[in-house]
Amino acid sequence: MDLEIKTRKEKDIPVLTLSGEIDVYSYPKLSKALAGYLDQSVDIVINMESVKYIDSTGLGVLANTAAKIAQKKVHLHIFCTKTNIKKIFEVSGLLQKNLKIFDSEATAIENSKKS
Amino acid sequence: MKTSSHLFHVDMPALSEYVGSMRLLIGGISGRMGFSLEEVEDIKIAFSEACNNAVQYAYPAFTGAEKVEIKIKIEGFQLEIQVKDFGRGFDVSSPPKEHAVDDPNPHLGLGLHFMQSMMDEMKVESTLGKGTQVRLMKKVKNPSLPQTEA
């Protein structure tokens, strides 16, 4: 299953909606999509409700992005309620670092800002 | 009751585009064995991480002959997955390092951690210049499906 990425803006906050699988084959597509926002000083919301699978390569892209934008005092906010996807984040330990998961997209956007 | 014993053997080209297809195979087989939905997802993750390491790091380039040998062994309620490459190998005594933030190929060194966390047992053998073999083992905790005779 391929990875699809749709982007939009909500109150100047970029929202990326992902669907499909983020794995060793598709992670470069996510990396390329996020690269466009690294120079902007704004939180990024990632909607992962339709993501069926993510592994360490996908986590690596998210963690790397979060670390880079943290230098500009902005953050990556993830919306995901899927138990299997949240488990991967929990096992990885990344939630103790720069990544935050919200259980609604609206809440993720409300907690986002431009620095 | 007879114990089932089956072996699947696939030689996968060492290309990332095929890992997802192999993941479907593993998911189907493990689901049929009686693992729970959560356990099937765990097995798919662990297996994929083993394949990821092989396709990303075993061979300097793909020229057409490079392969990842996958063996799936079923012994009763015990599943063993072997992922073997014939590439450069690595020093198993050196722990994986987290790459720099500006590394264009972000790799967190989480592969081994996921394999260990998601499976009952994980063994890695590697010889520099000859390749690496990962063995992943997991047993169905609460067998409820009848075993088919071999």
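Buried area is the accessible area (1.4 Å probe) that two parts lose on being put together, summed over both. The legends below describe a predicted model, in which local features need pLDDT of at least 70 and side-chain atom pairs count only at pLDDT 80 or more, while totals for chains, interfaces and linings use all residues. Residues are numbered from 1 along each chain as its sequence is written, chains are lettered from A and ligands numbered from 1 in the order in which they are written, and side-chain values use heavy atoms, with hydrogens and water left out.

**View 1. The interface of chain B and chain A buries about 2000 Å².** Carbon and sulfur atoms give 58% of this buried area. Chain B brings 29 residues to the contact and chain A brings 25, where contact means heavy atoms within 4.5 Å. Across the interface the rule finds eight residue pairs in polar contact, both residues at pLDDT 80 or more; a polar contact is a pair of N or O atoms within 3.5 Å, of which, within protein, one must be able to donate a hydrogen and the other to accept it, and residues adjacent in sequence count only if both atoms are side-chain atoms. On the side of chain B that touches chain A, at least two residues are supplied by each of α1 (19–33), α2 (37–58) and α3 of chain B, and the largest share, 10 residues, comes from α2(B). Helices (H or I, at least four residues) and strands (E, at least two) are DSSP runs, numbered from the N terminus.

**View 2. B:R23 and A:D23 form a salt bridge between the two chains.** The closest N and O atoms of B:R23 and A:D23 are 2.9 Å apart, and the rule finds four salt bridges across the interface of chain B and chain A. A salt bridge is a side-chain nitrogen of Lys or Arg within 4 Å of a carboxyl oxygen of Asp or Glu. Side chains of opposite charge can pair when their charged atoms come close. Over all chains, a search of the whole structure finds 11 salt bridges.

**View 3. A salt bridge joins A:E105 to A:R8 within chain A.** The closest N and O atoms of this pair are 2.4 Å apart. Because A:E105 lies in helix α4 (residues 105–110) of chain A and A:R8 in strand β1 (residues 3–10) of chain A, the pair ties together parts that are 97 residues apart in sequence. A:E105 is buried, with a relative accessible area of 17%, whereas A:R8 is partly exposed at 31%; buried means under 20% relative accessible area, exposed over 50%, and partly exposed in between (1.4 Å probe, protein chains only). A:R8 and A:E105 are also linked with A:E10 in a network of salt bridges.

View 4. B:K44 is buried, with a relative accessible area of 16%, while B:E41 is partly exposed at 21%.

**View 5. B:R135 and B:E80 form a salt bridge between two strands of chain B.** Their closest N and O atoms are 2.9 Å apart. B:R135 lies in strand β5 (residues 131–139) of chain B and B:E80 in strand β3 of chain B, so the pair ties together parts that are 55 residues apart in sequence. B:R135 counts as partly exposed at 22% relative accessibility, and B:E80 counts as buried at 14%. Chain B as a whole has three helices and five strands, which follow the pattern β-α-α-β-β-α-β-β along the sequence.

**View 6. B:F90, B:V92 and B:L128 make a nonpolar surface patch of about 280 Å².** Patches are made of residues with over 30% relative accessible area and no salt bridge, like charges being joined within 9 Å and nonpolar side chains (Val, Leu, Ile, Met, Phe, Trp, Tyr) within 5 Å. B:F90 is found in the loop between β3 (78–85) and α3 (111–118) of chain B, and is partly exposed, with a relative accessible area of 33%. Chain B exposes about 7900 Å², of which carbon and sulfur atoms supply 53%; accessible areas come from the Shrake-Rupley method with a 1.4 Å probe, and for residues only the protein chains shown count as cover.
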